[in-house]
Each structure stands twice: as C-alpha cells, then as structure tokens.
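Student: Let us go through some labels and test each one against its cut-offs.

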Amino acid sequence: MNTYAKRLMWPVIILVALIVVNIAATGIDFIIPTVNDGRLGGAFVNILRRSAPLLLIALGMTLVIATKGIDLSVGAVYAIGAAIACQMIIEAPDQTALGLVFGAVALALVVTAVIGAWNGVMVAYFGVQPIVATLILMIAGRGIAQLITGGQIPKVQDASPFTELGRGSFLAVPLPIWIAALMLIAIALLTRKTALGMLLESVGGNPEASRLAGIRSKGITVLVYLVCSLCAGLAGLIGAANLGSADANNGGLWIELDAILAVVIGGTALLGGRFFLLGTAIGVMIIGTLDDTIINVGLSSQWQFTAKAIVVFVVALLQSPEFRGWILKPFKRQPDAPAPEPAPAEEVLAK
Amino acid sequence: MSTHQLTERPSRSTLFDGLTRYIPISATVALLIALYLGGVANYPNFDNPQVVAKLFIDNAPLLVIAVGMTFVILSGGIDLSVGSVMAFSTMACAWLTVEAGIAAPVALVLVLAFGTAWGLLIGAVIHYFDVQPFIATLVGLFLFRGLTLQISDTDVSMREIEFFQWGMTHVDFGNVRDGGFWLPYLSFVAFAVVIIAFVVLHYTRFGRGVYAVGGSEQSALLMGLPVARTKIGVYAVSGFCAALAGILAAFATKSANPLANVGAELDAIAAVVIGGTLLTGGAGFVLGTVAGVMVWGMLNTLIAFQGNLSSWWARIVMGILLLAFILLQRVLARSGEKRRT
C-alpha cells in the first residue's frame, strides 16, 4: 500500500491546491454542495457531473495503458455511440417510449463494444502497434459518425427519457456521477479482488513472458480494448444525453488526449505494468477542476489549453527519472559520498 | 517470431532490404494512378492538367508538415504538435505584421526561427529526460492552440500586407486556357522542401543517422552515431516544417484562423504511413510521403467532382487505406521472416 500512497501523493496535493485556489477565489461555496429541487448542485458537484464521461473513458484507458497499449480512437467512438443512440431515437415516431431508449442505448453499446473488439484483435492477433491500430479509427471514426447522422446534428426532444441519462438524478446525486462511480467500483473490484488485475499488469510488463507463464494474453488484450471502447460509448451516451444532441464533429473532441493525460497524472506509466485506478479518478478531477479554476481566478477561457499544456509538461518532467536526477543534483551534497538522506525520508512517508 | 508487437520489430525481415521494401510505395503509386484514371473516366474536365496542379496548391502546407513528420517517424518518434504549431505560425505572422507592424520578411524569419527553436527544445526534452514523444509533443498541441487563441479568437486578415501577395503569384506552364496549367510560388516552396528533404535523408550523414536511430537506437548508440544530435534534429526539422507550413497557409489564405488545422497532424501521419513509412521507424521514403499526400488530395478532388458527397468520406477512405497499408506491412514483415528462417 505504501507505493500506492506515494504514487497518489502528488496528484492529491495538486487537486487540493486547485480546490484551495478556487475557494480563495470564489468562497467556501465552491466545495459545499447545495440541494436544489431535491438534487445536489453547486460548483464542485457540477465539475464531477461534467467530468463523468471523461472518467469513464480514462478508466478504460487505464486498463489499456496497463497492457502497454494506448487507445486513440475513444474520441471517435464517443461520437459514434452518441450518433447511433440519438439517430435511432429521433427516427422513431414516439421519442418518449422507454423501450426505444433502452434499445437505442443497447445498440450503441453493442456497436462500440464490437469496435473495441476490432481494435483488440488488430493489436493482439494481427500484431499491429496499438497506436497505429487505433489511429485508423481515430481518423475514420468521426466520418463514420457523420455517416450515421447523415451530416446533421440529431436533436432529441427534451421529453425523451434518454436525456435523463445526462441530466437526471437518483437519490439526489446526478446520474452521470452514479454511472461513473459504479464503473470505477466495478472495475476496481474486478481488477483488485480477482486475478484479472495481476494478469493485466503481467501482460503489460511482458506479453511474451505472460504467455509462457500460461496467461492467455491475447484474450486479455482484446477484452481490455473492448472495455475501453464500451466505456467510451457510454461516455458518448451521457454526453449526448446531457446536451440532447450528438455532434459528430465536435462531440468528445480531444477527449482521448484528456483521458491519457488523466491516466498519466494519476501515476500510471505509459510503459505499461502497474496501474492506479484511483489515481486516474483524481487525475480526471484535476483536469475538470482546472477548467473551472481558470475562469474563477479571472483568466479568459482561452487559457484552458495553455494551462493544460503546462500541466502535461510538469507531470511528464516530474515522472522522468532523468529530470528528477538532474534537478535534484544541486541538492545532493557530495556525489562520491552515498547520501544518507533518502532513508529517513522513506520512514517519514511510511508514517 | 519472438513477439507479436510491432514495437519490437522482428529481427529478420526483408521489408527493409531488397525489392520487397518497394512494395508499399508501389502500391501507393498504383493506387494514385488508379484514382486519377477513375476520375478521368467518370468526370468531364478531370483530365485538365490543372487538376493535378491544384493538388500541389491546396495541399502545399500539408506536404510540408508531412515531410517534417517523415523525419520524426523515420527516427521512431511522433510529433502531435504540428497542427497547432502551424496554426500558431499563421497567427504569429498575422500578429507580427498587422498588429506589431514588423516588416513581413523579418516576421517570417522570426516565425521560422521560433518553430525550429521549439522543435529543438522538445527534442531535447524527449532525448535527455526520456519523456515519450507522444506526451512531450502533446504539450505542443495544447500549448500552441492555447497561445493562438490568446493572440486572437477571431480571424485576422493579412490582405493589407503587400508582401503576402507573393505566395499566390503564379507561373504559367503553357497556355492556361488550353491544355496548360499554373502553379503559385508557394507550391515551389513545398517542392524545394521535398527535394532538400530527399537529399538530406539519402545523401547526408544526418539522414543516414535518422534511419539508423529509427532502426535501433541502441545499435546506433553502440556504433558511435550522434544519437542525441539526430533525435533532437528531427524534431527541429519538424518544428521548422510546421512553421513553414503555417507561413504557406498565411500566403494561401491571407488570413489567420485560430481554429485552423485542427487534426492536421493526423492527416500528416496518415499520409506518411500510406506513403510506405513504417510507424515504428527505420524504413520509408520521403517521396512516398509525397505520394501519400497526393492520395489524400486526390480523394478530396474526387469528392469535389462528385459534388453530392460530404468531405468526411475522404477521412473514411483514408482510414480504410491506412488499415490496408498497415496489414500489408505486417504481411510483408511476416513473409520475410518465414523465408529467412
């Protein structure tokens, strides 16, 4: 648990710092949830609600990255999932029928799962590099989404139960937060309470050694891409339900980059192996809070990209052992004397 | 076969030597010819030479960034920042000349120097701090899109600046109205970039170093090749090319749009792969990239001639082609292994 706590320390500190900045700028109301019309509101709850699609995708991405892969197609899959569900609903005569909405959601999820399985087969069985295999759909996917919607932006009636997926609430907590939290718990239980998590890390660490050890690494790879794509489709549904429409061009634009960023902030290395689901969740919250922080401290919204760039840069450098060695060099007293400092520092952390 | 990942390239393969290495590029060229003949057969006026010339007018900026991308991919890296750097360069040109009132040639030199400096910086971060190229260049993607939006979140026109007329000044070949065609100066700039890139890649020490580092960085290091200089150099080349492409876009449109070239990096990567360059590095041709860009341009031209198809069909077809070429590369690599063992 010690390594886990150490990995999570930096993301938690960054998140707390961001929240403190927000509280300083807008008052304590930022963090305190309010209850309006029997559902939770307030700035921070809204951040969580809006971050739900990103969390879903980032969770799937964590698993993919744990197997030494990467899935660039999630943004396109997000658009495809949203397009399928919205198009099916608006083509029906009665958009408020519950059966129709369930059918649309199911169809969207099945199609996105098939897409994920395809990515997985490309990686596991055809031996294509993950970045290349998923690049194909990243390029073609939005075109496919356009094909489904016929180049239009389908708008679902506000009365349709479909919009509840993004706007509704259950026990006062917004539904997107429920879905994302349940997915987090489900994946955490599946990977930490069964052997699956260890198998994933093993495949990421060394696929060939895992195969020789009797792990069906190909099947696991396909499963991981399937789950990632399914999460992206679900995220697309939530996003589309929230807006009441599916924009094939801009829905989920660059969400793959945000998701990878969240995973990396959360302490999972892009090289595969160990993965940290809780770290990813904190990473998602950092990204979500960052956007609001920029507005709250009075900068224009154009700063969002720049701030994100700075975060990526700092995180990438902090995770680089070479950089840490270089930056810490002046603080080490003598290069020839073995430094005794690290040992007490370890103990302090352990306490 | 020891591993099924392309990341660790098979140790024995004929994809990289002998005649087999020309198969992907031959397929691209054949495809290009087929597309052209298909267009000629189906649409009137498609055989007008200006149709081909137009490929190099509309896609001159894409050609330039794709050439830069070829260097990076050959060395085993990737550069996601080119689209944003390109948009930033266009915007910087506009801001420096229109707002700051700096003479246009000076502004161009500043922009090119900045693009190269950025490439050097990010290359140094990638090499010395061992940050993955994907993440390091992602910084550029976000940073320059943000900076571009901060300079202006609306279009900036450069029509007032006399200098920017230069790019679209054209040279006529034959009688334009009757069987001839014309090309603007900016196309010649793109051609010059291609020729210089070709010479550098195939006939200089730096170029051979790029292939060697892409083939195996470890081996290149053990052979005493300047790995650091090569790896940083390719990102500098890519940064320079992106800045130059931004300037060409400024010439072509005479305006700067803060949301221009979103996804241009994907088009460039796709063109490079379709042109026969391995995404894992070490094998490929800069002339293949030219063919890849022409395929992309030809697809768009065909869609324009058809008239009733949306431009997103080009993306779908591009994805399918990408798939076909990646599978072709796999098949060639595997058959190569079988023959040797």
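Student: Why does A:Lys68 count as buried?

Tutor: A:Lys68 has 21 C-beta neighbours inside 10 Å, so it counts as buried. The rule takes C-beta atoms placed from the backbone: 20 or more others within 10 Å is buried, 12 or fewer is exposed, and in between is partly exposed. This is a predicted model, where local features need pLDDT of at least 70, side-chain atom pairs count only at pLDDT 80 or more, and totals for chains, interfaces and linings use all residues. Residues are numbered from 1 along each chain as its sequence is written, with chains lettered from A and ligands numbered from 1 in the order in which they are written.

Student: Where is A:Lys68 found, and what is its phi?

Tutor: A:Lys68 sits in the loop between α2 and α3 (74-91) of chain A. Helices here are DSSP runs (H or I, at least four residues), numbered from the N terminus. The phi of A:Lys68 is positive, about 70°, although the residue is not a glycine. Most residues other than glycine have a negative phi.

Student: What makes B:Asn45 count as exposed?

Tutor: B:Asn45 has 10 C-beta neighbours inside 10 Å, so exposed is the label. B:Asn45 lies in the loop between α1 (23-42) and α2 (49-58) of chain B. Its phi is also positive, about 70°, and it is not a glycine.

Student: How do you know that A:Leu63 is buried?

Tutor: A:Leu63 has 29 C-beta neighbours inside 10 Å, so it counts as buried. A:Leu63 belongs to helix α2 (residues 43-66) of chain A. Neighbours within four places in sequence aside, A:Leu63 is in contact with A:Leu200, A:Val224, A:Val227 and A:Cys228. Contact is a C-beta test: atoms placed from the backbone, within 7 Å.

Student: Why is α3(B) called largely enclosed?

Tutor: 15 of the 15 residues of α3(B) are buried, so the rest of the structure largely encloses the helix.

Student: What span should α3(B) have?

Tutor: The expected span is 1.5 Å times one less than the number of residues. For the 15 residues of α3(B), 60-74, that is 21 Å, and the end C-alpha atoms are 21 Å apart, which agrees. B:Gly76 follows α3(B), with a positive phi near 90°.

Student: Why are α11(A) and α12(A) called oblique?

Tutor: α11(A) and α12(A), residues 277-296, pack at about 125°, with axes 7 Å apart. The cut-offs: under 35 degrees is roughly parallel, over 145 roughly antiparallel, 65 to 115 roughly perpendicular, the rest oblique. α11(A) and α12(A) are therefore oblique. The residues in contact include A:Leu261 and A:Ile265 of α11(A) and A:Gly283 and A:Ile287 of α12(A).

Student: What makes α11(B) oblique to α12(B)?

Tutor: Their angle is about 120°, again with the axes 7 Å apart. That makes α11(B), residues 264-274, oblique to α12(B), residues 286-306. Among the residues that meet are B:Asp267 and B:Ala271 in α11(B), and B:Thr289 and B:Trp296 in α12(B).

Student: How many residues does each chain bring to the contact between chains?

Tutor: Chain A brings 35 residues and chain B brings 41. On the side of chain A that touches chain B, α5(A) gives the most, with 11 residues. That side has 22 nonpolar, nine polar and four charged residues. Nonpolar covers Ala, Val, Leu, Ile, Met, Phe, Trp, Tyr, Cys and Pro; charged covers Asp, Glu, Lys and Arg; the others, Gly among them, are polar.

Technical notes:
Contact = placed C-beta atoms within 7 Å. Helix = DSSP H or I, 4+ residues; strand = E, 2+ residues; numbered from the N terminus. Axes fitted to C-alpha atoms, helices over the stretch in contact; angles between N-to-C directions.
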